[in-house]
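Please open the model in your viewer, with the sequence panel beside it, and follow the stops below in order.

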Amino acid sequence: MTERPLTVAITGMNARADNPGPGVAVARCLAEAGRPVKLIGLAYDALDPGLYLDGLFAATYMLPYPSHGEAAFLERLTAAHRDHPIDALIPCLDAEIPACISLADRLRAMGIRTFLPSAEQFALRGKDRLADAAEQAGVEMPETRIVGSPTFFRTCTQDGWTYPLVVKGCFYDAAVVHDATQAVMAYHRIAAQWGHPVLAQKHVAGEEFNLCAIGDGLGGMLGTVMMKKRALTEKGKGWAGVCVDDPAIETAAAKLIAALKWRGPCEIEGVRTRTGEFHLLEINPRFPAWVYFTHGVGRNLPAALLELIEGRPPPAFAPARIGTLFIRYAQEVIVPMQAFEHIVTGGGRAAPEKAVA
Amino acid sequence: MSRDGSPHALLPAEVLKRLAISESGFIFDPASGDSFTANPSALAIIRLAQGESDPRKIAEQLALEFDVAVTQAEREVVEFASVLRQSLG
């Protein structure tokens with residue numbers, strides 16, 4: 001008797017070369033995990049390439065942007081669920097996670113399971129409140145301030161701030177600026193693109209590290225994989241990276257996960273100074289775009305998340321293969337006109353039968 | 001005083017201990033993710049430094065393995081340690 005394939009819906013099908021979403025990487029992890037799965041891709045833009053990866057996804061659907069509200073999101077998800085009853089949903093983009101948290105009970109009633117933090121946990125790791133969480137966890141974090149007006153950047157040096165500093169969006173984007181003029185430009189650009197508040201953060205010199213793990217919701221951190229970026233895109237996204245093992249970073253991450261009682265996947269970003277101290281920069285409430293690397297080093301975190309979603313105990317993780325590298329590359333997906341037509345006019349499409357692995 | 005408590009240690013003991021060193025001279029630091037390649041004499045210095053912190057004693061060992069005087073070897077060991085310290089932190 002063969003195991004029934006679990007139908008898993010995944011968002012984040014965007015994959016621009018300089019800044020890909022995590023969804024396609026999550027799907028690759030699940031497809032290669034060794035258990036039968038049927039993957040449904042959920043996207044926000046008709047040019048998201050994941051919509052057309054027929055070897056990976058059985059069907060793909062367009063979703064309304066989170067700004068359209070929970071009802072529109074649920075309606076669209078329900079339509080997909082009618083066609084392909086979904087067992088599990090893995091949201092991969094920050095902006096949609098609050099809606100998924102809010103809808104979790106209704107989704108569960110429909111038979112769609114998730115493994116997400118509470119609304120309060122989610123809010124605590126927001127960029128505007130992260131400093132409180134870091135303090136609670138006893139983890140160093142550079143001083144961060146909500147900036148209400150660009151005037152701050154002209155006067156901040158009188159309050160003990162020095163350049164360079166970092167201007168950050170409340171959801172996304174960050175720029176290291178070296179003087180007030182650059183700071184004001186970054187402020188306006190980020191505010192226009194991502195809205196308010198805009199944050200200023202003191203710059204910490206050192207090397208950036210990223211850690212991916214799953215919080216079990218009880219304070220435990222599962223399946224840690226640490227990565228140092230070895231090559232960056234112009235946006236500062238990792239184009240190549242190497243798996244590392246730094247106990248100082250792991251300890252800091254474990255404290256944060258324990259303090260937040262984080263439930264679900266996360267990425268912790270920080271800087272290690274020349275003297276070896278770890279300073280927290282951000283906690284992202286989802287798998288990172290480089291999550292396929294977790295599978296590459298022997299710790300398939302999306303597959304582990306699926307176990308947790310099903311209510312099973314977390315798997316035993318093999319030691320991560322330290323020193324393994326990833327190097328990203330871009331490739332073209334050929335999209336027949338009819339496939340594009342189905343997405344644009346019908347909001348979804350099924351892959352040809354023979355195309356799904 | 002060095003970080004391992006020894007007054008003459010070339011590099012912090014915990015740094016040297018964690019390095020993954022292959023016969024080809026490829027060296028990987030699992031904490032920083034940095035990798036290096038070392039020529040045979042540099043590799044010999046690193047291997048000796050993992051078990052011995054005194055530059056003079058390392059130089060004496062090098063003088064037995066390579067065609068070099070102990071004083072010259074000691075000078076090179078100290079110089080190399082300085083380069084390595086900057087790279088490994």
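A residue is called buried here if 20 or more other C-beta atoms lie within 10 Å of its own, and exposed if 12 or fewer do. By that rule, buried residues make up 25% of the 89 residues in chain B. Keep in mind throughout that what you have on screen is a predicted model.

**Chain B as a whole**

Of the contacts in chain B between residues at least 6 apart in sequence, 38% join residues at least 24 apart.

**Helix α2 of chain B**

Next select residues 40-51 of chain B, which form helix α2; these 12 residues reach 17 Å from the first C-alpha to the last, close to the 16 Å expected at 1.5 Å a residue. Which residues of α2(B) are buried? They are B:Ile45, B:Ile46, B:Leu48 and B:Ala49, and because they fall within an arc of 170 degrees when seen down the axis of α2(B), they line one face of the helix. Turn to the face that points away from this buried side, and you will find the exposed residues B:Pro40 and B:Gly51. To see what covers the buried residues of α2(B), show the elements of chain B that include α1 (13-18), β1 (20-21), β2 (26-28), α3 (55-65) and α4 (70-88).

**Where the chains touch**

Now display both chains, and look for the seven residues of chain B that are in contact with nine residues of chain A. On the chain B side of this contact, the residues divide into four nonpolar, three polar and no charged.

**Two packed helices in chain A**

Move to chain A and select residues 70-83 (helix α2) together with residues 97-110 (helix α3), which pack at an angle of about 35 degrees with their axes 11 Å apart. The crossing of α2(A) past α3(A) is right-handed. Show side chains for A:Glu70, A:Phe73, A:Leu74 and A:His81 in α2(A), which meet A:Ala99, A:Ser102, A:Leu103, A:Arg106 and A:Met110 in α3(A). By class, this contact has five nonpolar, two polar and two charged residues.

**Helix α7 of chain A and what follows it**

Select residues 180-194 of chain A, the 15 residues of helix α7, which should span 21 Å at 1.5 Å a residue; the end C-alpha atoms are 20 Å apart, which agrees. The buried residues of α7(A) are A:Ala183, A:Ala186, A:Tyr187 and A:Ile190, and they lie on the same side of the helix because they cover an arc of only 110 degrees around its axis. A:Thr181 and A:Ala192, on the other side of α7(A), are exposed. The buried residues pack against β5 (144-147), α6 (152-155), β6 (165-169), β7 (174-177) and β8 (198-202) of chain A.

Step just past α7(A) to A:Gly195, which takes a positive phi of about 85 degrees.

Most residues other than glycine have a negative phi, and most peptide bonds are trans. Against that background, inspect the cis peptide bond between A:His196 and A:Pro197, with omega about 0 degrees; A:Pro197 is in the loop between α7 and β8 of chain A. A cis peptide bond also joins A:Tyr163 and A:Pro164, with omega about 5 degrees, and A:Pro164 is placed in the loop between α6 and β6 of chain A.

Finish at A:Lys261, which has a positive phi of about 50 degrees although it is not a glycine, and which is found in the loop between α8 (247-260) and β12 (263-272) of chain A. Is A:Lys261 buried, exposed or partly exposed? A:Lys261 counts as partly exposed, because it has 17 C-beta neighbours inside 10 Å.

Key: Residues numbered from 1 in each chain as written. Chains lettered and ligands numbered in written order. Predicted model: local features only at pLDDT ≥ 70, side-chain atom pairs only at ≥ 80, totals over all residues. Helix = DSSP H or I, 4+ residues; strand = E, 2+ residues; numbered from the N terminus. Expected span 1.5 Å × (residues − 1). Arc of directions from axis to C-beta. Contact = placed C-beta atoms within 7 Å. Nonpolar A, V, L, I, M, F, W, Y, C, P; charged D, E, K, R; others polar. Axes fitted to C-alpha atoms, helices over the stretch in contact; angles between N-to-C directions. Left-handed = near helix turned anticlockwise from the far one by under 90°.
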